[in-house]
Amino acid sequence: MKSDIFQHELSETSSVFGRKHDVQVVFSGDDACTDGSTVVLPSLALDQDVSDEHAAVMRGYVDHEAGHIRHTDFKAGQKLHDECRASGNKLLPQIVNALEDIRLERLVMDEYPGAEKNIRATASAVNREFLDTVPADDERSKDPAFIGPVALTWQGRLPYGDETNTQCLDRLDPSLRSKLPGWIDLIDKCRNTGDVIELARQVERDLRGSRPKKEEEASAATPNPDGECKPGGEGGDSPADADATSAPGGTEDGDSPASGSEGDAQSKQATSEIETTSSGGGGRGAGEVKVYTTDDFDVYDPDVAKAVKHTLREADLTTTSSERYRPYSTAHDKVHTRKDKKGKYPRYTYGQRMDEPVSYKLSVQRSAGTVSVIRRKLERAIVAKEMRDWEYGLENGRLDSRRLVSAYSGKPNVFKARSERNELDTAVCMLIDMSGSMTCGDRIRTAMDAAIALSQALEKTSASYEVLGFNSKSRPPSGAYGGRYDASRWEPLDLYVFKDFRERLFDAQAALGSIVNHVGGNNVDGESVLWAHERLKKQPQRRKILLVLSDGSPSFHTNDHRWPKRHLTSVIERLKSENVDLVGIGIGDHAVEEFYPRHVVLHDLSDLAGECMDQLGKLLLGERFTARRTSHAA
């Protein structure tokens, strides 16, 4: 699948699970992340091949993050992360993340079984990231605190993971590996994120107690009679290590979370150790728990977003170069329709203005002369072709009642037979350039009149059709691109649906009349033609016709002034092989001749009456059709 098709598809449909929960997907910049409602993937270089594996990795990431949006208590998680950041506890947040990832992935797959293969692909990317970056002989792998959190994900994903899960687990010390199944089994008892945090605290105590002791720790002083620990020492029933101490002179007490002794309280105050209350919503072990502090060891972070980013980079899908067209972001691209609700796009809600019935009527009046005559001829020719579904004068078949006399006379050619009905199995898309230059010489009004006249002609036939527009009139929020203007295209697209395939012309009249109101900005022709083509491809009709009405060459802000023309040329070359008939209709300008092999130029309505209808008629009915004739010569 081509990268632009995949990018468009995932942006439009998200994933089945994500779409159910209003998850938006955008491609922007170089990172993968989520803000609680929008999943961001790195923007892709267009016209690149995306393998099934890489597509599954990106879909799996969307499903994974949609699971977080659906099932994770972000407030509880953020509170814990803030506490651990303040105390210097590196281990507990990673354990929580690992356990929560397994919990939500199980829930996502229960709710949407189709997500399993995608989540498996994403998990495999995370595992490969570990295998590629952590050597098998890395001494840190012997430290349960370093490898424990990611090991939880390996064990948890065994039922739906691939061979990389086993490869990773085989690196573990047998004593740690033997503990993993018991911890993972407890995830099924976690009802919410709070319960996961409580489970993570249990795992944290076990992992810290299993860490190899340093030589100086082995000879540390024992607890004094009052229960206080001397510097560097341990106390209580559960083991802890010196890496968990806080301020100088303080140590980490390993007792159960709620010892409640006076000596413990004095020790806590003296050592500035941080206590926090469980928010597990009634989960196991609710009460006061200790947050370990001042970790000076490494903890491996099984970062799903980082693995996705690296996987796409290795596949060379996120590279910007003179040979690779890569828009910086789709996050601020907009599709405007007449049904848009107020506030759909802050500051730019065009749908509320797609209401100009008077302008539509004036356009019809302007084209009432020559164009209406040619339109009627085109309609009659199309209808005549559709209705010819019987063959007469045959020597076998059904007896033709109109030839009974001839039959009585013994003539053989008195039969008829039903021929295969020659339906107008065609979908037509009209795409209008609405950039600022279209205001010159009232070109936009000529384009609108042409689109309305063609719509009226096609409405009386079985052909399906729609009318679209494009420009870059709106601007992104201040600072949205962070000064990153090194992409092939950094300004947002504005795309308009004035009439879609499913609407009647009567319902879309006012929207068509508003075309003249939306002119402005630049014109990103290549991506806009791809967008229209993707909509056209989804139509069931065998024939696909794309008419592009434009007054000049592509023009937009880019890091390379050659990209506007180069990308449009590349798109047109690609569409030649994809079963679409493409016609460039120049509005007062001959620039279309540079890009579109099939083209006409309209300077006024008289040109529209002849050339445009001539081209459309040939595409619909065959090369021998001429709009100026009164009938269609088959």
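Two residues are in contact when heavy atoms lie within 4.5 Å. This definition is applied below to a predicted model.

The protein chain holds 22 helices and 15 strands. Of its 634 residues, 54% are buried. Contacts between residues at least 6 apart in sequence were examined, and 72% of them join residues at least 24 apart.

Strands of a sheet pair through backbone hydrogen bonds, either parallel or antiparallel. In this model, 3 strands form an open sheet with mixed pairing, in the order β1-β3-β2. Strands β1 (24–27) and β2 (33–34) stand at the edges. Each has a single partner strand, so one side of each is left without a neighbour in the sheet. The pairing of β2 with β3 (residues 38–41) is antiparallel and spans 2 bridges. Threonine 34 has valine 39 of β3 as its bridge partner. Helix α3 (residues 52–71) lies across β1, β2 and β3. The helix runs at about 150° to β3.

Two packed helices are described by the angle between their axes and the distance between the axes. For helix α6 (residues 116–133) and helix α13 (residues 304–314), the axes come within 9 Å and cross at roughly 85°. Angles of 65 to 115 degrees count as roughly perpendicular, and α6 and α13 are therefore roughly perpendicular to each other. On the α6 side, the contact involves Thr122, Ala125, Val126 and Glu129. On the α13 side, Val304, Lys306, Ala307, Val308, His310 and Thr311 take part. By class, this contact has 5 nonpolar, 3 polar and 2 charged residues.

Note on methods
Residues numbered from 1 in each chain as written. Predicted model: local features only at pLDDT ≥ 70, side-chain atom pairs only at ≥ 80, totals over all residues. Heavy atoms only, no water. Helix = DSSP H or I, 4+ residues; strand = E, 2+ residues; numbered from the N terminus. Buried < 20%, exposed > 50% of the residue type's maximum accessible area, 1.4 Å probe, protein only. Pairing = 2+ DSSP bridges. Axes fitted to C-alpha atoms, helices over the stretch in contact; angles between N-to-C directions. Parallel < 35°, antiparallel > 145°, perpendicular 65-115°, else oblique. Nonpolar A, V, L, I, M, F, W, Y, C, P; charged D, E, K, R; others polar.
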